[in-house]
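Biologist: Let us go through this model and ask how its parts meet.

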Amino acid sequence: MSVSIIKKERTGVINPIFNCQPCGAQYASIGIKDCIALVHGGQGCCTFVRLMFAQHYKENFDIASSSIHEDAAVFGGTQRIEDGVETLINRYPDLKVIPIITTCSTETIGDDVEGTIRKINMSWKKKHPDCKVKLIPMHTPSYTGSQVSGYDVGVLSLVTELAKKGEPNGKLNIFTGWINPGDVAEVKSILSQMGVEGNILLDVESFDAPIMPDKSALAYGSTTVEDIADSANSVGSVAVCKYEGGRAATFLEEEFDVPAVLDSMPVGIENTDKFIKNISKLTGKEIPESLVIERGKAIDAMADLAHMFFANKKVAIYGDPDLVMALADFCIECELEPVLLLLGDDNKKYAKDPRLVDLEKRANCNIEVICNSDLWELERRIKDKSIELDLIMGHSKGRYIAIDNNIPMVRVGFPTFDRAGLWKHPIVGYKGAEFLAETIANTLFTDMENKHNKEWLLNVW
Amino acid sequence: MPLKLFKCDETIPERERHVYIKEEGEDLTQYLPASNVNTIPGTLSERGCSYCGAKLVIGGALKDTIQLVHGPIGCTYNTWHTKRYPSDNNNFQLKYVWSSDMKEGNVVFGGQKRLRDSIMEAFKAFPDVKRMMVYVTCATALIGDDVKTTAREVEEELGDVDIFCIQCPGFAGVSQSMGHHVFNIDWMKEKIGTYEPEIKSEYTVNVIGDYNIQGDTFVVNDYLNRMGIQVIGHFTGNGTYDALRGMHRAKLNLTNCARSAGYIANELKKKYGIPRMDVDTWGYDYAKEGLRKLGAYFGIEDKAEQVIAEEDAKWGEKRKWYKERLAGKKVCIWTGGPRLWHWTKALEDDLGMEVVAMSSKFGHQEDFEKVISRGRKGTIYIDDGNELEFFEVLEMIKPDVVLTGPRVGEMVKKLQIPYVNGHGYHNGPYMGFEGSVNMARDMYNAINSPLWGLSKKDIRQEV
C-alpha cells in the first residue's frame, strides 16, 4: 500500500477549502474573554468572517474593523488603528485585550502596527493611567498560508505578548486548536478524569451560549488574559492540533522551559491513547479506569460497524491538516479506506509531516494526498471517474459535491453550517470516536434507504 | 430633539448626525441623517466592503458566468455559500467560486501572469461556460495589476469568450455601495449595446435591481409573462451575461432596487431614452400599484387588472388572516437600506404593523428621504447603525420582531426577541402578492413561537 503526496497542478483555485489568515486570527480572538479584535483592513475582512462564525455556531461574536477607506489605502492607515482602539476602549469598558489583525491591504501598504501600538500605549498612559487594555499585533497577510496558519499566528501572538514567568501553577496547557466546543468539553472531561487541572487555550466551550431568563448570556470565549499569562508557569503543553497552536506551545518550551508535546490530534482510538499517555507523562498522573471503560465502549460500538458496514468503503477527507491526518488514522482503525486526502493550503511542512510519512505503514489502501488542494480537485476526480467514493468527510462548503454526485457525506471540521448542532458534539477522545463511527454509520444507513440499496439489511446487525 | 445621541455614543458624538427620531410638524429637510460617509473605526458597524457590493450582490447572481476574484483566497471563500439566489439551471452560481489565489511573490512582482493562468484554467475546467467577470480586490488594486489588459489578451486568444472586469477593491468608497456603482457604470460603458436580443413582444422591459433572493425573480417574471411583457435583461436575478448586454433594446426600465441599480437605469435613460419606472416589488398593495402603473404605460390595463384579480383571489384571504393577527406588532428593520423604504409602509398598510426603528448599512440621502417620508412618526431612523446602538434601541422600543441578518438575529435571540432574515428571508420568496403573504407568515410564526414564553420563565421561581 502506498501513500503518494502530490500538489495541485493548477495556479488558481476553484472552490477553496480554507479562508485566509486574518480569519484564523479572528477565530483565535473570539476565544478570549473581554476581547474584541480590531481587524485592520477593509470592512469585508471582518464582516464576512463574523457571518462565517454565525453560520457554524449560530451565534454572534464581536469583532471590529478599522474600516480602511481609499484615503487610508493611499496615505497609510495607522490613524484608523488609533481611532479604532480609542472607540473600542471608550465604548466597551470591560475590554482587556484588543488584538490588531492585519489583512492583505494593510500588509501591502506596510502600516507599522507595532509602532502604532507603542504610540497608543504612550498616549493612553497619559490620558487614562488606569487603562489596562493590552494591544496585541497579529500579522496575518492573506497572501500567505490560510485560516489554519492565521489561527496559529493568533495564538502565538497572544502567548508571546502575554505569557509571564511566575510561580509554578501545576496546570497543563492545552492548546486546543480549531476544534468545536464539544471537543473542548471532551478534552476537559479527560483531564478531570485524570485529575489534571488544565489551562485551556483557547476555551470555546462557552460558545454554546444559552438563552437565559434574565437575558444575560451572550456567546464569547472564556480564556482570560490571566490564563494566557499563566501559560508560562504550567507543567507542560499539549497541542491538540499541531498546526493550530503548535508554535505557541513550542515558544513556551523555548522561552520558559515548559515542555511541549505536538503529537497527533486525538481523533480515533490510537490517537486518543497517545494523547492520554502524553498527558500522563507530563503530569505524572495515572490513567484512570473510567477512561479504560470509555475506550472499551467506543471499541464496542465501532466493532458493530467496522467489518459489517465500513470495510473496503472508500473515503475522501478534506479540511484542517491535523484533522485530515487523524481522520485517516481513524478510518484505518475501523476498516474504512481513506483513499484521498485533501489539504487546503501551501504549507510545505505537510509533505514531511511524520504522521503522513508513517501513514504508509498503516495504510489499508493506496492513499493519494493532495497538498495546496481545492475542492475542484475532489469534484474533478469524481466527475472523470478517476475515483469512486462511498463517503466524503469534510466541511459544509463541499456539500454540493456530495449532493450532486449522490455520495453520502459526514460533516466534520469548520464550517458545518448545513447540519444542526454538530459543534456541540465531540469528535476527539474515545467518545468522539464513538460519535464519529455512529454518525458515519447513520449517514450510510440513510443513504441505503434513500437509494433502496439493501435497506432490509438494517434489521439484525 | 429630532436628532438623537445614543448613550453608547457619548464618546463618538458625531453619531448624532446619523440618528433621527421623526416628530410631528418638523421640516424633514432639516433633519436628514448624514449617510454614505466614512465609517468610524472600531464601532462594530454592520458595513461590508465594496467588492462585496459588486461580486456577491450583483455579478454573482448571474447563472452562466465564471466569477473570478483576483486576490488572496479569503475574498473568494467569503462570498460562497452565503447567498440565496437560485437559478433555473441547477444553481451553477451558488456552487462555484474562483480565485487567482494571490501569493506573496505576486504582491511583490505582480499578479497578472497568475491571473491569466487562473482565467485559462477556469475556462478549461468549465468548457461550456464562455462568460466571465474578473474582480479586483484590495491587494491586487494596491499593486496596480492591469486586469483589463490581461482579460483582452485572453479574449483574443480564446476567441469565443467575453470577460468583464470590475475594478472595485474593498477599501473603495465607504461601504458595499461603491461596488454597486462601479459595476453599474462600467457595465453600461463596456457591455451594453454589444448584443442584440431577440424581440418577441411589442412590450419589452428590463427588470432592474432584483437579485432573485429565494426566487423573487420567478414571481415577478410570472406576472410579466402573464401580461405578455418580455423581459430583455433581468439585472441580475436568474440573469445571463448576454441578456444584460442587450438591455438597450427594452422599452422600459422597471426599477425595484434604486440603490444598487438606479445608476444603470439612469444611464440607459440618458443614452437610449428608456424611461425609468420605479416600483416596489415587495408589498401586497404595492404589487397592485406597480402592475397598474406598468399596464398603464403599455396601454394593457386590462391585463394588469386580470393578474391582480387572479392573485388577489389566491392570496387575499390569507393576507387578511395574518393582518388580523399581526396588527399593532412592532417591527425593526436593520438591513442595507432600500428595504427600509420598500417595507415600512407596506407592513403598515398590508398587515397593520408598526415599524418603530430602522437602520441602513449603506443607504444614501435619497434612501433616507424615501424612508422618512413613508415612515411613521416616533420611529428611529439610523444610518450605519452599530451593535451597541442596536442594544440601546431594543431597550428603548421593545420590538416584537426584528428583520435583519442571521448573525444579528442570533444576538437578539438572547434577548428573547425573534428575528426574520431581512436579507435572505426565512421561507421566501417575499416579493409580489404571494411573497407578501410568505413574509407575513414567517413574522407570525416567529412572534408566536412558544419558545419565547418558555425562555422568559425562571424555573427556580416556580417551585
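Biologist: Which residue of chain B does the side chain of A:Arg50 meet in a salt bridge?

Modeller: This is a predicted model. A salt bridge needs a Lys or Arg side-chain nitrogen within 4 Å of a carboxyl oxygen of Asp or Glu. At 2.7 Å, N to O, the pair qualifies, and the partner of A:Arg50 is B:Glu387.

Biologist: How many salt bridges are there between chain A and chain B?

Modeller: Polar contacts across the interface amount to 35 residue pairs, both residues at pLDDT 80 or more. For salt bridges between chain A and chain B, the count is six.

Biologist: Which element gives the most to the side of chain A that touches chain B?

Modeller: Several elements of chain A supply at least two residues each, including helix H3 (70-75), helix H4 (78-91) and helix H15 (375-383). With nine residues, the element that gives the most is H2(A), residues 44-57.

Biologist: What area do chain A and chain B bury between them?

Modeller: The contact joins 76 residues of chain A to 73 residues of chain B. A:Phe48, A:Arg91 and A:Tyr143 supply 13% of the area that chain A buries there, more than any other three residues. Carbon and sulfur atoms carry 60% of the buried total, which is about 6,200 Å².

Biologist: Which helix supplies the largest share of the lining of the second largest pocket?

Modeller: This pocket holds about 670 Å³ of space. Its lining has 25 residues, with A:Ile36, A:Asp62, A:Tyr92, A:Leu218 and A:Tyr220 nearest the centre. The largest share, three residues, comes from chain B, from helix H16 (residues 387-397).

Terms used:
Residues numbered from 1 in each chain as written. Chains lettered and ligands numbered in written order. Predicted model: local features only at pLDDT ≥ 70, side-chain atom pairs only at ≥ 80, totals over all residues. Heavy atoms only, no water. 1 Å grid on protein atoms, 1.4 Å probe; cavity = no way out; pocket = protein on both sides within 12 Å on 5 of 7 lines; lining within 4 Å. Points joined across faces, edges and corners; volume = space filled by probe spheres on them. Helix = DSSP H or I, 4+ residues; strand = E, 2+ residues; numbered from the N terminus. Contact = heavy atoms within 4.5 Å. Buried area = accessible area lost by both parts, 1.4 Å probe. Polar contact = N/O pair within 3.5 Å; in protein donor to acceptor, adjacent residues only side chain to side chain.
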